[in-house]
Each structure stands twice: as C-alpha cells, then as structure tokens.
Amino acid sequence: MRVRFHGAAGEVTGSCHEVEAGGHRLLLDCGMIQGSREQERRNLEPFPFAVDGLDAVVLSHAHIDHCGRLPLLVARGYRGPIWAQKATADLLPIMLLDAASLAEADAARFNREARDGRSDHRPLFDRDDVEATIRQLRAIAYDEATEILPGVVLTLRDAGHILGSASVELRAQEDGHERVLVFSGDIGPRGTPILRDPAPVPRADLVLLESTYGDRRHRDRAATVAEIGGILEDAWRDQGNVLIPAFAVGRSQELLYWFARHWDEWKLARWKIFVDSPMAAKVTGVYAKHADLFDEAAKRTWRDRPEPFRLPNLRLTVDQAQSRGINGVRGGAIIIAGSGMCNGGRIRHHLRHNLGHAQTRLIFPGYQAEGTLGRRLVDGADAVMLMGERVPVRAHVHTVGGLSAHADRDGLAEWYGRIDGAPPVVLVHGEDRARTAFARTLQERFGSDVTLARPGLTTDVL
Ligand SMILES: [Zn+2]
C-alpha cells in the first residue's frame, strides 16, 4: 500500500491523494483549489495521474475543496464508482450544481471582459458533468465495512465536521498482511452542535491527518453563543435588523439550532427570522432528512417538534421576490444569508439596505478571508461599494470567533491519540506554519514519526 500526494499538500484547499492498494488505484477526494484567480486557474490543469487507471474514488465530505473537481474527473473519462457517506451523497448534487453555476457565470464574465471579443473561455464543468458524476455515486452508512474492490475494504467513520463528513479507513491484503490506511478528512471539534463528536479509529499503519488549525486553540463555543444572545438583545432595544452572513452548509443550521435552544431566553418569538438562501434551504432539508445522524442534544431539542430547524416565525425564502420583500422590513428581523464572506449572494442586497443604519447589527460567525467584502467590514471600513453604490457603514459590526467546524490543536491531537500505538503521520490540509507547529506537538506528546505532505511525495504504508 502506498500514497501519493497531489492536493492540499502544503495548502488548505484542493484535497486529493492517490492510493495504491492490493494492486488497485484509488483516489481519496478530488477537491477544488480555492483562492485567488491565479490559484483557481490551476483547477483547469491536467490531473497529475492517469484518470483511466483509477479503480475507485472515496469522498470524505461534501465541501467543495474536497469534491469540487469530481465533475472534471468524470468529464475527463473516469467511469468508476465514487464512494461516500449517505448524507454526503445527498449534499453533493446541491454543492456541485452551485459550483457549476458559479463556473458558468465566471466563464461568461471572463468572455465579456476579454478585449478581443473572441475569447471562448469554457466553464470548469457544467450541469451535465455534475449529473454524470451523481450517477457514479455509491452511498454507504458510517461504520459499515464494504469491500469496494477485491481485497480492499472501506469503512467510513463519523468525523463530526459537517453532516456526512467521514474519516476514511482503507484495509488491504498485501503479501498475506493486512495494511490499514486512515485519512482523517476534516475533523470537527468535540461539542459541535447537531453533529456527533468525531468517532475514534481503532488502528492504522499510516494516518493522513488534517492540520488546518494545528497551531491554535479555539475560543469556547458557549461564550460565543452567549455573545450572540447579547447582540440580539441590543438590536431589539434599538429596533434594528440583524444580518448574519453564513455559509449554506453547517453554519446556517448551527444558528437555527442555537435559536431553538435559546428560544425563550433570547425572546426570539418577537423577531421575524429569515434564512434567505435557496441553497441553505436545500441543505437544511438534507440535514432534516438525516436526523438519525444527530447527536443526543439535537435529537432532544427537536424531539417534540414536527421537524428539525423549523421555528414558528422562520421563513426560508427561495425566490427573488420573497427575498426583495425583506428589504422593506425596517427593524425586528434576523436575516441569515449567503455568501459567508459577502463576496456574492443575497447578503449583498441586505447589506445595501441596512449598513447605513446605526440600529443594524452585522454578525460575522465565520472567518473572513483577505480581499473579501466581509474582511473590509470586519476591518472597520467607513463605506463599501455595493451594486455600484457607495454605502456608508453605520451598523455595528461584530465578529464572533468560536463557531469553527475544524478541531483545534488539542482536538486533532486527541483524535490521533486514540489510535493504537501512535502510528506514523503525514500532515495534509494545512498551511506550513500550522503544520510545522502541529508536527512538533505530535512529536512531543506521542513521539510520532511526522512527515509534511508535498505534491508528488510518495509514502509507503508499512
Ligand atoms: Zn471541510
């Protein structure tokens, strides 16, 4: 058994690792590279392996940096199975169709902007490629050992990161010996609402471990939730609206969970609550469908309700007219909308109508990358451009930091520490600073043999 690293090997996006096992070739994840335009152009490059030589693909979860190049893989000739947890298989069409429409819009804009007027920039992939990809999905449950190729057994363990997220365990017979390769996928923090804590993996001969936040410790989640309650109280006193830019997967559902939990305490019945994102509405539907995967606290929270996430005053707005209707609400509305970093999506309309009012509260529950509108607001911009209009910022802007979907240094170390015998580790999915610091943590705490993945590096599973 042997692993070759292609993506998320020295960076955070573009997760992609190739495995040789029992004489077969597999791919773990086929993620999109995300970042600047130059970085994203790398998605169009040829794959650094022979696509027609692949026998199977295993997908850890539905985030686009783990699954976003699957339609391209299929368009370039991959016809084999794509294995994923059942909830991931339900989230995948939503994520990939959204990515396809963004890619189509990007290509159209590029062609418009091209000076010679003859540019024929093609989108990375289209809806037909997505539909072909979905037909190749093979959905399995957690903890269900499945022989996916002769002599190669796959088991997915709950990774507690987003719904359906999995750590991948591959067992293969080679020369009469069983070898076990474990790929962590993205690991969630313990105590993430709705989801169960990451499941332990019993044994491994080699571990590919994510290290996104391997150099830091997260703020306590309970303190963050209490802070949100306080901001809502202030906003009500001022009769303002509350805007929350949030990603469609995970963060939006977590907010609805906290609203259900603090319904009385935060006096939420007096508000109008909107989730203004067709994608978040669909994803919330998939979460509700897989309520059997929820942790005990979430099951208890929604036990006596007709369905999870519903609140009496919650409206999931799907069409544009409903969305525009919210613009007339001057106060007393909580509006959750995408995109999470305000670079696109309906949140921009709401910002345009609300940023100029001092009663407005704008809450950022997630990280704002350099170069995004969200980042400019967090950094205290006096005014921002929205739809060609200069909008002054008089709203109160809050960043609440403790709602990460990734385990921090101690969470990652704890997950690894539960595997028997401190096996060798290759760190993936992390910037170099985080990986170097985390490598030291693992060496000090467990005496582990730690390697940092690089594109093209090959490691044998011994
Ligand atoms: Zn992820």
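Helix α7 (residues 251-261) is largely enclosed by the rest of the structure, because 10 of its 11 residues are buried. Buried here means under 20% relative accessible area, exposed means over 50%, and partly exposed is in between (1.4 Å probe, protein chains only). The buried residues of α7 are R251, S252, Q253, E254, L255, L256, Y257, W258, F259 and A260. Helices (H or I, at least four residues) and strands (E, at least two) are DSSP runs, numbered from the N terminus.

The structure is a predicted model, in which local features need pLDDT of at least 70 and side-chain atom pairs count only at pLDDT 80 or more, while totals for chains, interfaces and linings use all residues. Residues are numbered from 1 along each chain as its sequence is written, and side-chain values use heavy atoms, with hydrogens and water left out.

The protein is divided into domain 1 (2-216 + 405-460) and domain 2 (221-399), with bounds that come from an automatic or database domain assignment. Taken over C-alpha atoms, the centres of domain 1 and domain 2 are separated by 29 Å. Between them, 19 residues of domain 1 are in contact with 21 residues of domain 2, where contact means heavy atoms within 4.5 Å.

Two helix pairs can be followed next. Two packed helices are described by the angle between their axes and the distance between the axes. Axes are lines fitted to C-alpha atoms, for helices over the stretch in contact, and angles run from 0 to 180 degrees between N-to-C directions.

In the pair formed by helix α4 (residues 86-113) and helix α5 (residues 127-135), the axes come within 9 Å and cross at roughly 160°. Therefore α4 and α5 are roughly antiparallel to each other. The classes of angle are roughly parallel under 35 degrees, roughly antiparallel over 145, roughly perpendicular from 65 to 115, and oblique for the rest. The crossing of α4 and α5 is right-handed; a crossing is right-handed if the near helix is turned clockwise from the far one by less than a right angle, and left-handed if anticlockwise. From α4, the contact is made by L92, P93, L96, L97, A100 and E104, and from α5 by R127, V130, T133 and I134. By class, the contact of α4 with α5 has seven nonpolar, one polar and two charged residues. Ala, Val, Leu, Ile, Met, Phe, Trp, Tyr, Cys and Pro count as nonpolar, Asp, Glu, Lys and Arg as charged, and the others, Gly among them, as polar.

T133 lies in helix α5 and is buried, with a relative accessible area of 0%. Not counting residues up to four places away in sequence, T133 touches L70, P71, V74, I82 and L96.

The axes of α13 and α14 come within 11 Å and cross at roughly 45°, and the two helices are therefore oblique to each other. Their crossing is right-handed. In this pair, R409, D410, L412, A413, Y416 and G417 of α13 meet F438, T441, L442, R445 and F446 of α14. By class, the contact of α13 with α14 has six nonpolar, two polar and three charged residues.

Some backbone details lie in loops. A422 is in the loop between α13 (409-417) and β20 (425-428). Phi of A422 is near 40°, a positive value in a residue other than glycine. With 28% relative accessibility, A422 counts as partly exposed. H429 lies in the loop between β20 and α14 (432-446), and has a positive phi of about 50° although it is not a glycine. H429 is buried, with a relative accessible area of 2%.

The peptide bond from G338 to S339 is cis, with omega near 0°. S339 lies in the loop between β15 (333-337) and α11 (347-354). R348 is in helix α11. Leaving aside neighbours within four places in sequence, R348 is in contact with C342, N343, L373, M385, L386 and M387. R348 and R219 are 129 residues apart along the chain, and their C-alpha atoms are separated by 28 Å.

H398 is in strand β19 (residues 396-399) and is partly exposed, with a relative accessible area of 21%. Leaving aside neighbours within four places in sequence, H398 is in contact with I231, R361, L362, I363 and F364. H398 and A381 are 17 residues apart in sequence and 13 Å apart in space, C-alpha to C-alpha.
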